[in-house]
Amino acid sequence: MPARASRLDKTPPYLFGEIAKLKAKALAEGRDLIDFGIGDPDQPTPRDIIDKLYEAAQDPATHRYDETPYGEPFFLQAVAEWYRRRYGVSVEPDGEILLLIGSKEGLAHLAWAYIEPGDLALVPDPAYTVYAINTRMAGGETYTMPLRRENGFLPDLSAIPSEVARRAKLLFLNYPNNPTGAVATQQFYREAVQFAHEYDILLVNDAAYSEVVYEGYRHPSLLQIEGAKEVAIEFNSLSKMFNMTGWRIGFAAGNRDAIANLNKMKSYVDSKQFAAVSRAGAYALLYADNTRTLNLYQKRRDILVEGLQSIGWEVHKPKATFYVWVPTPGGTSSIDFAKQLLERAGILAIPGIGYGEHGEGYVRFSITVSGDHHGERVEEAVRRIREHFG
Ligand SMILES: Cc1ncc(COP(=O)(O)O)c(C=O)c1O
C-alpha cells in the first residue's frame, strides 16, 4: 500500500479516545449513562418538514443532478427571504448565496479555496476544529486568537500584531460560539469588519447556532454591518435550527468573490444536495417553527446551570447555543475532570482541551440529552454531581 498523504498527519491526536473507551466500558457494565457529549439535537425534525421532503421526493425532477450554478433557485430565494425577514439584510440569490451540504463542508472547502502553502489564517481557540485543521491540511499556518472569559470569549483583535494581520488571508469567527456558548455584539462585528478592511482579509463567520437562542434573544448577523459584504462571508446551517443534522443542508452568504471561489472549489468535489432536501429546507426556512425544542433546551439549561450554581460552581447561562461551558473545579485538568464525571457519576461531558489549549480548565456540556423528555435526566445529572462533587 502506498503511504497516505502527510497532510493527514496534520490532524491532532485523537483526544477523546480515552473518554470514548471509558464510555464504552460504562455502557458494557450496564451503567446508566447521562450523555452531554456530542452536540447533536436529540429531538426529531419538525413533522411538516419531513412531510415536505416526502412530497418533494415523489417528484422525479428531484432525482437528478442539480445542475444549477449555486443551488436550486427556490432554496436560494428562501435564504434571501430569510435574511431579509430575520436581519433586514439583502443578499442576492444570483451569486451572493450558495447551497451547502451542511456548513462543515463549506467551511472546510473555503480554507482549500483560499489557503496555499505558507498562507496564514487567524483562528479562535477554543474552537470547532474544522477551521484550523483544514487550513493546515491545505498547507497553511494558523495564528491563534485566544477566547478568554474576561473578554466575553471574543478575540482581542487589537492584540494581533500588525505584521501577522498583514500576512493573514482568512479570519474565522463563530458566534453564537461552540464550545463556550458566548454571543457576539454588533460592536464587535463592526470592529471585525473594520479589521478585515484594514488588512485585506476575508472575514468568515460560522453562524451554525444563530437560531438556538433563548428568551426572545436575537443574535445579530455579521452581514448586518455596513461594508461587511465587501469583506465577509457568513455560514449557516439547518442542522441546529430545525434538528436536521443528518439531512446535511446549509448555506453561505455574503461576498460575491468568496461565494464564487468556494463554489468553484466545490464543483470539483461534490454535486450539490438531493433537490428534495433543498425543497424541504426552503420550506423550513420560510415556514417551520422549532420553538418546542428551544423551550425544552431552555428548561434543561436552567436546571443544569442553576443546579451547578447552587453547589458553588461559577457557571453562566448561555443566551444562545445548547452548550454550557463549565470551569473544572479546583484546577483539575479537563481530561481528568471528564474522566471523574464519567467514572463517579456516569456523566459524559467533553474535555475543553479537545477544542484547543485555551479550552483547558473547562468541560463542555451539550444539553441535547437523549432520553430526556422534560428535564428529568438533567435533574438526575445535577443530583449526581451534587452527591459526588458538591
Ligand atoms: C461551530 C460549528 N460549526 C459548524 C458545524 C457543522 O454543522 P453542519 O455541517 O451540520 O451544518 C458544527 C457542528 O457541530 C459546529 O459546532
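This is a predicted model: local features need pLDDT of at least 70, side-chain atom pairs count only at pLDDT 80 or more; totals for chains, interfaces and linings use all residues.
In which loop is Pro126 found? Select Pro126: this residue is in the loop between E3 and H5. Helices (H or I, at least four residues) and strands (E, at least two) are DSSP runs, numbered from the N terminus.

Residues are numbered from 1 along each chain as its sequence is written.

**Stop 1: the seven-strand sheet**

Select the strands in the order E2-E8-E7-E6-E5-E3-E4, which is how the seven of them form an open sheet with mixed pairing. Two strands pair if DSSP finds at least two bridges between them. At the edges are strand E2 (97-100) and strand E4 (141-146), each of which pairs on one side only. On average, neighbouring strands here are turned by 20 degrees against each other, direction ignored. Axes are lines fitted to C-alpha atoms, for helices over the stretch in contact, and angles run from 0 to 180 degrees between N-to-C directions.

Next select residues 120-125, strand E3: six bridges pair E3 with E4 in the parallel sense. One partner to look for is Glu141 in E4, the bridge partner of Leu120. Then select residues 130-137, helix H5, which packs on the sheet and touches E3, E4 and strand E5 (168-174). Here, contact between two residues means that their C-beta atoms, placed from the backbone, lie within 7 Å. The direction of H5 makes about 155 degrees with that of E3.

**Stop 2: two loops**

Select Asn178 and Pro179, where the peptide bond is cis, with omega near 15 degrees. Pro179 is in the loop between E5 and helix H7 (186-199). Move to Asn243, in the loop between helix H9 (238-241) and strand E8 (250-254). Asn243 is not a glycine, yet has a positive phi of about 55 degrees.

**Stop 3: the ligand**

Select the ligand and the 13 residues that surround it; the closest are Gly102, Ser103, Lys104, Ser237 and Ser239. A residue is near a molecule if its C-beta atom, placed from the backbone, lies within 6 Å of it. This shell has two nonpolar, nine polar and two charged residues. Ala, Val, Leu, Ile, Met, Phe, Trp, Tyr, Cys and Pro count as nonpolar, Asp, Glu, Lys and Arg as charged, and the others, Gly among them, as polar.

**Stop 4: the two domains**

Colour domain 1 (6-44 + 291-389) and domain 2 (47-287) separately; the bounds come from an automatic or database domain assignment. Their centres, taken over C-alpha atoms, are separated by 26 Å. The contact takes 28 residues from domain 1 and 24 residues from domain 2. On the domain 1 side, helix H12 (291-310) and strand E9 (323-327) are the elements that give two or more residues. H12 gives the largest share of that side, five residues.

**Stop 5**

Select E9-E12-E11, an open sheet with antiparallel pairing. E9 and strand E11 (350-351) each have a single partner strand, so one side of each is left without a neighbour in the sheet. Two bridges join E11 to strand E12 (residues 362-366), and Arg364 in E12 is the bridge partner of Ile350.
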